[in-house]
Amino acid sequence: MEYTKGEWYTHHNDYNDTYSILANGSSFSLAKVPTYVNDLREEKEEAKANAHLMASAPELYKALQMARDLLFIIAEDHVGGLRLSLSVCDKALASARGEE
């Protein structure tokens, strides 16, 4: 499974008070996050934070993949907790790929 490559970013739509997740300068939304559930300020701030977290997914995926690859190299010499770290990284990466 492949995700949309490139930089993802958020855009707030004042008209319907939603955040859109966009990629590669496209006007096509990958996802929308509503902020108007109960019209509470806390929920609007949480929606904004969720939108930014989703938009950072490709960058987080690359960072986790790099950390996993480094842990694999280190784990060849030091078994113990590093194997557990590799397992946690593998599970998160599989989840991001939609495999779990």
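At 64% relative accessibility, E7 counts as exposed (over 50% relative accessible area; buried is under 20% and partly exposed in between, with a 1.4 Å probe and protein chains only). The model is predicted, so local features need pLDDT of at least 70 and side-chain atom pairs pLDDT 80 or more, while totals for chains, interfaces and linings use all residues. Residues are numbered from 1 along each chain as its sequence is written, and side-chain values use heavy atoms, without hydrogens and water.

E7 lies in the segment before β1 (8–13); strands are DSSP runs of E with at least two residues, helices are runs of H or I with at least four, and both are numbered from the N terminus. Leaving aside neighbours within four places in sequence, E7 is in contact (heavy atoms within 4.5 Å) with L22, A23 and N24. The C-alpha atoms of E7 and A55 are 8.1 Å apart, with a separation of 48 residues along the chain.

T18 belongs to strand β2 (residues 18–23) and, at 6% relative accessibility, counts as buried. Beyond four places in sequence, its contacts are H11, H12, N13, V33, P34, T35 and Y36.

Helix α2 (residues 57–75) has 19 residues and should span 27 Å at 1.5 Å a residue, which agrees with the 26 Å between its end C-alpha atoms; the expected span is 1.5 Å times one less than the number of residues. Its buried residues are P58, Y61, R68, L71 and A75. These cover an arc of only 145° around the axis, and therefore lie on the same side of α2; the arc is that of the directions from the helix axis to the C-beta atoms. On the other side of α2, E59, K62, M66 and I73 are exposed.
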